[in-house]
Amino acid sequence: MKLWYPYSQMANKMSRYPVQKAEGVHLYLKDGKKLIDGVSSWWATIHGYNHPALNEALVKQAENFSHVMLGGLDHQPALQLAEKLVQITPAGLNHVFYSDSGSVGVEVALKMAIQFWVNQGNKQKVKFLALKNAYHGDTFKAMEVGDDSDFQIPFGHVLHKGFFLSTPSGGFSATEDEVEGDIAELEQMLQRNHRELAAFIVEPLVQCAGGFKMYSPAYLKAARALCHTYDVLLIFDEVATGFGRTGKLFAADHAGVTPDIMVLGKALTAGYLGHAATLTTSRIFDGFLGEGYDKAFMHGPTFMGNPLACAIALKSINLIEEENYLKKIEQIERTFRERLAPLQHEKVHAVRVLGAIGVVEVKDSKQLEGFTEYAVQEGVWLRPFGKYVYTMPPYVMEQDDLVKVISVISNWFKKQ
Ligand SMILES: *Cc1c(COP(=O)(O)O)cnc(C)c1O
């Protein structure tokens, strides 16, 4: 096997499904089989595949220029996208640093946090606080703030882990009283360790790859206030939650708070090209201003601000706004609540729904063995991992297709 696949034991013979064509929410396999994509290709293809307006934006930019370095040169797609991102993200996030993937966007955020303090002469604040079950990417520092041991087992002895807190309890709808204990744990942690903490990093409201645990906006509000009190930066990793996935444009909007740094990726470029954006407040940005280069942020991915990626991102945001995607997402959520949330079965531990995310957690991962093959048979693309079978569909999915995706999940349990 010449091609080395992700998250794979290459010694195992594993069926992979060759895609020949994709259009709308459908994947067409080489054998002619048509699958409804319930995963949005790792949560990115929010408008579906082969979208005419996105294709047009891509081609138009390619005919102009596909790439120029952002060192010393400048271009409209990068400037316009920065402007747009500042406009649509929580108030106060005024500056945008581009990179080429979510993991690198997280690295940028973590480096910025440490250097922000160094630039003030403080070299003590070098550690990070994160949540259990967090996933922030596969690069080294991103692994250090992540807590998914499956991804990290071979590196346990080289990772310099910081501090971790329990995932807040009570789910999305938990009240301030219900998360009181979690907030107390956070406060105690900050009280004890703020002197060495550069930042607290979270996936706001939904921890995706770490098991789709959901928690309350009340916790984010409290975290915002406490991080302020203890002078610890707050980083929101919205690589998965950004661009409508939780029912609002950004998860931060549910809590009405502005983090010091926010990372966007995945759906940013609608599944066309890898790109990410790390946004900061002016307080952070201004902390890097100075005479020489010693305070400057010396980081610059080759493909940062790639014009094709920026042009697609701009068009994608345009579509979200003009075609009222938040309404579409609301309808998806309603359908999940009506048809997926009531699922009960002795093998099902919990069902969680928020925005365009529907998750069934089983009691034992063995209960999902063979699920992908079964779903493909049924004409749906779903790929469970661990104890979770989930769907994060493209927002443009028609009701019939969505109902089909949900019924393929619930029928799996009925037939057991
Ligand atoms: C996917 C993901 C990342 C990593 O993004 P890549 O583009 O795969 O590097 C980081 N954070 C979160 C929350 C993610 O879901």
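**From values to terms**

Guide: Gln 207 lies in strand S8, which spans residues 206-207; helices (H or I, at least four residues) and strands (E, at least two) are DSSP runs, numbered from the N terminus. This is a predicted model, in which local features need pLDDT of at least 70 and side-chain atom pairs count only at pLDDT 80 or more, whereas totals for chains, interfaces and linings use all residues. Residues are numbered from 1 along each chain as its sequence is written, and side-chain values use heavy atoms, with hydrogens and water left out.

Visitor: Why does Gln 207 count as buried?
Guide: Buried means under 20% relative accessible area, exposed over 50%, and partly exposed in between, with a 1.4 Å probe and protein chains only. Gln 207 has 1% relative accessibility, and therefore counts as buried.

Visitor: What makes the link between the side chains of Gln 207 and Thr 167 a polar contact?
Guide: A polar contact is a pair of N or O atoms within 3.5 Å, where within protein one must be able to donate a hydrogen and the other to accept it, and residues adjacent in sequence count only if both atoms are side-chain atoms. The side chains of Gln 207 and Thr 167 are joined at 3.1 Å, and a polar atom of the Gln 207 side chain also lies 3.0 Å from the backbone oxygen of Lys 132. With contact meaning heavy atoms within 4.5 Å, and leaving aside neighbours within four places in sequence, the residues that Gln 207 is in contact with include Leu 131, Asn 133, Phe 212 and Tyr 215.

Visitor: Which residues does the UniProt annotation "binding site" cover?
Guide: The unreviewed entry places it on Gly 102, Ser 103, Asp 237, Pro 301 and Thr 302; UniProt positions are given in the numbering used here, feature names are shortened, and annotations may be inferred rather than shown by experiment.

Visitor: Are Asp 237 and Thr 302 buried or exposed?
Guide: Asp 237 has a relative accessible area of 5% and is therefore buried, while Thr 302 has 59% and is therefore exposed. Asp 237 is placed in strand S10, residues 233-237, and its side chain has a polar contact of 2.8 Å with that of His 136. Thr 302 belongs to the loop between helix H10 (282-286) and H11.

Visitor: Why is His 299 called partly exposed?
Guide: His 299 has 21% relative accessibility, and so it counts as partly exposed. His 299 lies in the loop between H10 and H11, and its side chain makes a polar contact of 2.9 Å with the side chain of Lys 111.

Visitor: How do you know that the buried residues of H3 line one face of the helix?
Guide: Pro 77, Ala 78, Leu 81, Ala 82, Lys 84, Leu 85 and Ile 88 are buried in H3. Seen down the axis of H3, these buried residues fall within an arc of 165 degrees, so they line one face; the arc is that of the directions from the helix axis to the C-beta atoms. On the other side of H3, Glu 83 and Gln 87 are exposed.

Visitor: What makes the pair of Phe 97 and Phe 297 edge-to-face?
Guide: Rings of Phe, Tyr and Trp (its six-membered ring) pair if their centres lie within 6.5 Å, and planes under 30 degrees apart count as stacked, over 60 as edge-to-face and the rest as tilted. A search of the whole structure finds 19 aromatic pairs. Phe 97 and Phe 297 lie 5.2 Å apart centre to centre with 80 degrees between the planes, and the pair is edge-to-face.
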